[in-house]
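Let's take a walk through this structure and look at some of its ring-bearing side chains. Have the model open as you read.

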Amino acid sequence: MTKPSLPDLLHAAVSAVGGTERPGQVAMAEAVAEAIDDNSHRLIQAGTGTGKSLGYLVPALAHGERVVVATATLALQRQLVERDLPRTVDALHPQLRRRPQFAMLKGRSNYLCLHRLHEGAPQDEEEGLFDQFEAATPTSKLGKDLLRLRDWADETETGDRDDLTPGVSDKAWSQISVSSRECLGATKCAYGAECFAEAARERAKLADVVVTNHALLAIDAIEGAPVLPQHEVLIVDEAHELVSRVTGVATGELTPGQVNRAVKRSAKLVDEKTADALQTASESFERVMELALPGRLEQIPEDLGYALMSLQDAARNVISAIGATRDKSVHDEDAVRKQALAAVESIHSVAERITNGSEYDVVWYERHDRFGATLRVAPLSVSGLLREKLFEDRSVVLTSATLKIGGDFNGVAASLGLSAEGVEGDDVPAWKGLDVGSPFDYPKQGILYVAKHLATPGREGTRGDMMDELAELIEAAGGRTLGLFSSMRGAKAAAEELRGRIDNPILLQGEETLGELIKAFAADPKTCLFGTLSLWQGVDVPGPSCQLVVMDRIPFPRPDDPLMSARQKSVEEHGGNGFMAVAATHAALLMAQGAGRLVRATGDRGVVAVLDPRLATARYGSFLRATLPDFWYTTDRNQVRRSLAAIDATAQADGK
């Protein structure tokens, strides 16, 4: 039997989801198939509307070897597993003569733990060891959540937190979940045979396509103990997010509260002398942290260094002592021991990492009004880690609507540990870049307006001229506005100010769940939705409800951001342009994602308004604009108001 052709398979899959084949999607599928066949690597930029999920799923399924697909957002994971994969498998079955299996796999703490549910969570000493379900009053929010979780545990087939709707608070979920460090292991656990996390791993081992997230991919790479099943092809969707997710997984932190919990959890399991030593080290660390001022620590201060060494030594002794003692008087001893070990090991590893002082790590203090000070350590760069762990022994395809920064792939490639395109070498993974474009006619569908007449935004303070401009733009658009702000403070200030000035309802991120906000925004064209960076990628509202996307300023990282400023300084020390490589690239990526909220379908029309004159006047402005969709560009405020009014009038005439 002849092997079915890729175009035929793609056509069948696209028809099954009720879509339209697009040239960019065909080009992408061919590039993915070529990469898999050659065991090579591709960076593929595929604009909104390309249908990139099918562009990589079809050639991956056709090839027949195991594929891991890693995404950044829950929304895309769900779309793949609940919609795209079932339909695609059904559509390809007649031609492939097989039905590829697929499964979702996440980190252990995403699954309900039956042991913790039934035996209760080991509590801190002063609270005693009690059943968390009995302790939480049934009328409290926590109590209601826990009772609902207990009922849900009897009916769920997956135990996956994301299958629980509506969701519960992190505090409630932590009562019935465990981290991989706290897990007893399937062979030692009384509930091992029914374990949801183990079942998910078993399903993944049998699947042809495993859908996971960037964080689990990072854990798999960093921790050395494989979590993902062996696979020949890795597809990283939303790849512009990968570096920040990997950095997050590779970041360690220490807080006085965390150390105190470890002291309490381990105190009953070790002799008094060993417990007292950890308690003393904890108190010493807490005293240092009380005086901690936010910012980077280029050198570890003497008092902090001493406190960390004491913590490290005391924690090591506790770990040894816990491993050597047994105490049958402790209820559910194995679980108590495992949780205590996990807490103390975490403290030991972070204290040791900071004390050892690698030149490739950045250490800093953070201060939070409510939680006090935190000590953090993160890698200066994850590019070496990614080069070594990501691109060996498999074909890797990285795709996103935003991979070309400032007009080429090299900036993103460098952050992934790759050399410039076309550079060959023994230790350098070779790759090719492909921009398959977008099916949208950006110059005709959208306008990029830069408010050149406004004052340059300062670090602090309200921007009266910006508020006036924002109010006028919203009124011209008849509402229909997604306001994207570089800080939550900015979003709140704008919402408070404009709620008193204009008639349009303004929704604000944080006042409701994101899903509810987006639903309300999409339902009423007169409504505006204001939010911050995390909102930029979660909004997919095609049609007339979103015809104006406003960005208050270019979202450069804060000058006092310890990690970003350290990365910038490092680039400069190696002869590069730190501002362009780090700050401008960071801003370009966020702006491209933000601007991508405007045109989500072929009939969409609208304006992206940037209320920061630097996009038009500064030397780096052209670099940032080259990353944005190719909208018609203007700085004429009257022209843009007329255009918005015309778009609003058309939508109203259509009854929308």
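Which charged end sits over the ring of Tyr 633? That would be Arg 625, whose charged end is 4.8 Å from the centre of the ring. Keep in mind as you look around that this is a predicted model.

Now for rings that meet other rings. A pair of aromatic rings is described by the distance of the centres and the angle of the planes. The structure holds eight aromatic pairs. One of them is formed by Phe 409 and Trp 431, an edge-to-face pair with 6.5 Å from centre to centre and 75° between the planes. To find the two partners, look for Phe 409 in the loop between β10 (395-400) and α17 (410-415), and for Trp 431 in strand β11 (residues 431-435); the pair therefore ties together parts that are 22 residues apart in sequence. Phe 409 has 6% relative accessibility, so it counts as buried. Trp 431 is buried too, with a relative accessible area of 6%.

Next, move on to Tyr 442 and Phe 631, which also form an edge-to-face aromatic pair: here the centres are 5.4 Å apart and the planes are at 90°. Tyr 442 belongs to helix α18 (residues 442-445), while Phe 631 is in the loop between α26 (621-627) and β18 (632-634), so this pair ties together parts that are 189 residues apart in sequence. Tyr 442 and Phe 631 are both buried.

Technical notes
Residues numbered from 1 in each chain as written. Predicted model: local features only at pLDDT ≥ 70, side-chain atom pairs only at ≥ 80, totals over all residues. Heavy atoms only, no water. Phe/Tyr/Trp six-rings, centres within 6.5 Å; stacked < 30°, edge-to-face > 60°. Helix = DSSP H or I, 4+ residues; strand = E, 2+ residues; numbered from the N terminus. Buried < 20%, exposed > 50% of the residue type's maximum accessible area, 1.4 Å probe, protein only. Lys NZ or Arg CZ within 6 Å of the ring centre and 35° of its normal.
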